[in-house]
Structure formats: C-alpha cells, structure tokens
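Thanks for coming, everyone. Please look at the sequence and the structure while I talk.

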Amino acid sequence: MATKTDHMLPPTQGQLRIVAALACELKSLIARLQLSKIPQLRAFDVYTNREHTIYALVSGVGKVASSAATAFLHAFAPHPCPGYFNLGIAGGAQAELGQVYQIGKITDVATQTNYYPSFISKPTIEVASLHTVDQAQSTYPDLGLVDMEASGFFATARRLVTQEHIEVCKIGSDNLQSPTHRITSSQVVQWVQAQWPYIETRCQRLLAYSTEQLTYQTLIEQALTQVKQQCRCSTYQQHQLRELLRRWQVLNSDQPLPLQACTNASQLIRRLTEQLETQAYDW
Amino acid sequence: MAAIIYVEQAIRQHPRVRQALKRLNPKQVIECEHYGEIFNPKGQNFRQQKLQPALILAEKQGRKVLPTPEGFGIGGQQNYYFSHMLNCVYDCRYCFLQGMYPSAHWVWFVNYEAFIEELTQTIVQQTQPSYFFSGYDCDSLAFDSQTRFIDTFLPFFAQYPQALLELRTKSTHIRSLLKHAALPNCVVAFSLTPAVIAEQVEHKTPSVAKRIHAMQQLAHQGWQIGVRLDPLIYASNFTQLYQQLIDEIMHAIPSQSIHSISVGPLRFPTKMYQRLVDLYPQDRLLAHPLHKRDQVMSYQAEREQQMVDWVQTYLRQYVDDQLIFQCTPW
Ligand code: SF4
C-alpha cells in the first residue's frame, strides 16, 4: 500500500505527453499504445495507458488550442521532466503526401517568431521548416510546411521543460496538386499508421530521456527521505543534506549513510562534511 | 560531425560557408536570421546537446577582439582574446564554457576578414608587445580541419612580430601547423592533467601521451611550446601524479622549446558551479571538496596553495622561474 512518504518521492518513471489537433491524427497511436480515454474530462479528450506514463490529448485546431492543451496536461498529470510530442498533418507546396517530417524550425507567421526544436537524437528522416498560421490558407510558402498548431504547442512546452524534451513531427497532407479539401480522416489514420515505426522511435526516445532525467534525482530524494524518517530537518538543513548526499552517492555509494551514529540533522551534516573533506580522493 | 547545420541567411552565399557545406555535404541545412536565435534561448540542456551538437555558421558582429579577464595571461601587459568559434568538440568536466553558454552547439564565425581588420587595428595601436589568445571560447585546433583557421591567421600574425599569438589546445591535429614554418611569435600551448585524471575528466580528448607526442613533433620543427597545467586537480597522490606528468613532458620537450608554463588552480564562479552540478550531479570532479570563497568555488585555500606551490617548485628543476606563470582568471 502506498504510504504518505511514497507520495513525497518524485516519480520513478518518465512521462510522455502527445498533443494532436484532430482525433484522426491520434487514432492509430491510441490503439498502438493501448491508451484509454480518461472519463468525465470536460476540457479535452485525454487518453492514457495503464501505467500513466503516456498521455495523448486531442487539442482541437489552432495554436491557442494547442497551447492550452499543452498547459492543461502539465497541470493534469504533474511530472518534473516529461517529454512533449506534437503530431499532426501539414501542407506544403512540395510536401509529399503521407510522408513524415521532423520539424527543425517553426515560424509563427503572425508574430514572426522563430523556434528551433532540438533533437534528442539525430533525425533519420527529412528535417523541415514549418510555418504556423492563424487561418487556414489556400496558398503555400515556397519552402517548408504549413500547420496551425506547432508554434502554440512549442512556445508553451518550452516554458515547462528544456527544449530537448520537445519534438514536432508532421505528416504531409496536402500540396499544390492535392489541396486540403481532399483530406479525409481515414486517410490521415492510414498515414499515421504507415509512419508508425518512425513515430514510435521518437516517442520511445522521449520517454526514455524523461526517465533518465529522473534517476539520480530519485536516488537523492530517497536518501533524504531515509534521513527525514530518523530526524527532523529544517528546510535549510534539507538543502545542505541534498548537496552532501549527492557527493556521498558519487564517492561512497557502496557505504551506508552514518545514520546510526547521529541523533539529529546537525550531527549528520557535520559528520558527512568531515568525512567528505578528509577521505581519500583517488582517481 | 554535427547532427544538424544552421546557417545565418545573410551569409548563405559567403565563400567560406559554401566551401564548408560542400565539404560537409549535410542532408539538411536550416536557415536562421541570427545564431543567437538557436544559441541564446534559456531552457536548453547543455549536457544533452553535447552528445550531438549542431553546427551554426554565423557572422560575428560587434567587437571581435576583447581584453582578457584579469589574471589570464603569460607575462604580457596587453592581453586580448578573439574567438572564431564558440564551444568545443571536447567535453572537459571543468570547462567553463559549459557553465557560461546556454547551448552546447558549435558556433563558427566565418567572417575572418572582419577579425583580421580589428586585430590589425588593435596591434598597430599598441606601444608594447601584445598577446592574443585564440583558444578562450573554443579549442584553437580541434576543429581546424573544417575552419581552416590556421591557414588564415598564421600568415596574418607573421606580418606582426610584435604581436604574440597563443593557440591553446588539447588537439593532436597539428598537420595544419606542421605545413607552415615555425612562427617565432606563435606559441602552441597544450593543456594537460595527469593521464589517469584526464581519462575521467577530459572526455573525448586525445590521450595525454598523444598530446605530448604532438608537442614533441612541433618542438622538433621549431615551434615554441606552452605547457598549461590548468586546472590543477586534487588527488590523494597529487604529487606523485603531477611529478610523473611533469617528468614526461620535460623529457619529451627540449627546455629551449618551452615558451611558458602556466599553473592554475581549479576554480568555478559559484553560479557556474551550481549549473555544472545540475547538469552532472554524478560527476566525480564535482563531488570534490570545493568551498565557496569570494563567490568562487575552489579547494580550501591551504590545499590550493600547497598544490600550486608544489607544482611550481617542481617545475623549477627543469625551467627558469621566469617561464612559470600562475593563471587565476577568477
Ligand atoms: S578542451 Fe578546453 S575548451 Fe574544450 S572542453 Fe576542454 S576545457 Fe573546454
């Protein structure tokens, strides 16, 4: 049974948050990842897996909706370092229908702001530029793709995590020869399905990165919890202990903490400081 | 090589950019307006980017030749640095770049002509010899196969014997130097720590033995060699490790080839240290007993002094005291 102390520990598993504008963009992903809809949510349709490590959300069209959805997930499923993935369709004069593109530059056309997503690992597919527009358009820029969400998604996600946690992938849906009105939901579902191997790789990598970021933090917090179970610590002492425990874990992870010999936090801090100061530093 | 290449729109047709893109033949080039759009935003993870940095080709605007911080130098009165690159291909855990820049991407400033113009102005204004350091924001040689920095800047400094150029490096890519006759007003300075420490702290760098071999080759061709024992890193067997390192260097390099030796303690400005700890909480060097002193994290004053004194005393067996300098930029 979970105890109160367990709740104070940071999560041990990473988390991935997927945002898409349309239900059809997520349909095959929901099936592949075995996500189920969370009941009775009014703001958005949100899906999650049994472990609650993946959340997928249908935001609706437009950058404001996408930004709101991203912020909503942050509040709904708190996590210190989740991955963020924006999946959707995008048009472009040269866009190849059904082709998946990794986005390397997002331009918010209304504000003329550029964003440059980093990549968690080297993309193995074409990296494209993307223009996010406020209104659906019948013309395309000479180069790159056009969508209506990415800048809103990216600008908000960037406030919540470091850039390496955020990726945007778009699937070519329309071009000069095949305009937007020809797009059908079933076709979008098929396109996402066909590109699943690449999409899955990026999602898994983001999730793994989120987990990696947690590991050490968790170790230190666990050690601190162990200390707090034995003695009361002021906020300042907890701060000091975190730093000492970090160093202790690096240098003496094979030794138990000298908890038995200390009756209060000040004693423990003194003891750890002394030992870390005088111990051998071998390379 | 770089995962992604960004190019500032304004220099897309710059000959150095065109040549670089031809050489590198990247799958994709992303255009930007200013390198700062990619390099400067907060909320980037230096550690993660360091695994696969992007290359940004840019134009350096504003001042290109700047005075070095106080305490940085090798005996000159007028000390300047200039950086044709920001960031480094190596990954030393003590490197101040990782605490200073928000991004680990490599920025290469291709407008060498503008650097040369400002260097010329700075040199001709001086009444005394001036010193120019090129390896302040990067390693001077490590990326030279791409930047061709040496081929441009050596001939330039050859015209101004009153200006001394220091190339600071851990690289063994010395072919571009060996192509040229040794320049009397150029010092090729190698940073070294004992091999066992270097292996754990100076990631992706050539081994200490290879660096010493490169120094030897250059000395043999008449180049002046700088030895940079900076930072000094503590170990329980500190004297044994540093004695061995100094002996190896001094047996390999004839004393008349030694231009200068600088010794610098390990120090981090407090904020930079905190940033490094956040990035690398499990790093051994960052678990060392460092203490806050005047907004700087360093070994206890007494330990620090003992380390510096011991190294300087030991060096005096080999070289004249006048060639030994202490470097403490903060
Ligand atoms: S070689 Fe110098 S510039 Fe490069 S990472 Fe090491 S300390 Fe930093």
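In what order do the five strands of the open sheet in chain B come? The order is S2-S1-S3-S8-S6. The pairing is mixed. Keep in mind that this is a predicted model.

Now look at the edges of that sheet. They are strand S2, residues 29–32, and strand S6, residues 85–86, both of chain B. Each of these edge strands pairs on one side only.

Next, a helix. Helix H1 of chain B, residues 15–24, packs on the sheet. H1 touches S1, S2, S3 and strand S8, residues 106–109, of chain B. The direction of H1 makes about 165° with that of S1(B).

Let's stay with S1. Strand S1 of chain B covers residues 5–8, and strand S3 of chain B covers residues 55–58. The two run parallel, and three bridges join them. Take B:Ile5 as an example. Its bridge partner in S3(B) is B:Leu55.

On to the second largest pocket. How much space lies in it? About 600 Å³. The pocket is lined by 25 residues. Closest to its centre are A:Ala128, A:Ser129, A:His131, A:Leu143 and A:Gly144.

Which element gives the largest share of that lining? S8(A) does, with five residues. Strand S6 of chain A, residues 100–108, S8 of chain A and S2 of chain B each supply at least two lining residues. The lining divides into 10 nonpolar, 10 polar and five charged residues.

First, A:Glu126. It is found between strand S7, residues 113–115, and strand S8, residues 127–132, of chain A. A:Glu126 counts as partly exposed, because its relative accessibility is 44%. Beyond its neighbours within four places in sequence, A:Glu126 is in contact with A:Tyr101, A:Gln102 and B:Gln28. A:Glu126 and A:Gln99 are 27 residues apart in sequence, and their C-alpha atoms are 9.3 Å apart in space.

Second, A:His165. This residue is in the loop between helix H4, residues 150–160, and strand S10, residues 166–174, of chain A. Is A:His165 buried or exposed? It is buried, because its relative accessible area is 3%, and the cut-off for buried is under 20%. What does A:His165 touch, not counting residues up to four places away in sequence? The list is A:Cys81, A:Pro82, A:Gly83, A:Tyr84, A:Leu206, A:Tyr209, A:Ser210 and A:Gln213.

That's my tour. Thank you.

Terms used
Residues are numbered from 1 along each chain as its sequence is written. Chains are lettered from A and ligands numbered from 1 in the order in which they are written. This is a predicted model: local features need pLDDT of at least 70, side-chain atom pairs count only at pLDDT 80 or more; totals for chains, interfaces and linings use all residues. Side-chain values use heavy atoms; hydrogens and water are left out. Two strands pair if DSSP finds at least two bridges between them. Helices (H or I, at least four residues) and strands (E, at least two) are DSSP runs, numbered from the N terminus. Contact means heavy atoms within 4.5 Å. Axes are lines fitted to C-alpha atoms, for helices over the stretch in contact, and angles run from 0 to 180 degrees between N-to-C directions. Buried means under 20% relative accessible area, exposed over 50%, partly exposed in between (1.4 Å probe, protein chains only). On a 1 Å grid over the protein atoms alone, a cavity is a set of points where a 1.4 Å probe fits but cannot get out, and a pocket is an open set with protein on both sides within 12 Å along at least five of seven lines; lining residues have an atom within 4 Å of a point. Grid points are joined across faces, edges and corners, and a volume is the space filled by probe spheres set on the points. Ala, Val, Leu, Ile, Met, Phe, Trp, Tyr, Cys and Pro count as nonpolar, Asp, Glu, Lys and Arg as charged, and the others, Gly among them, as polar.
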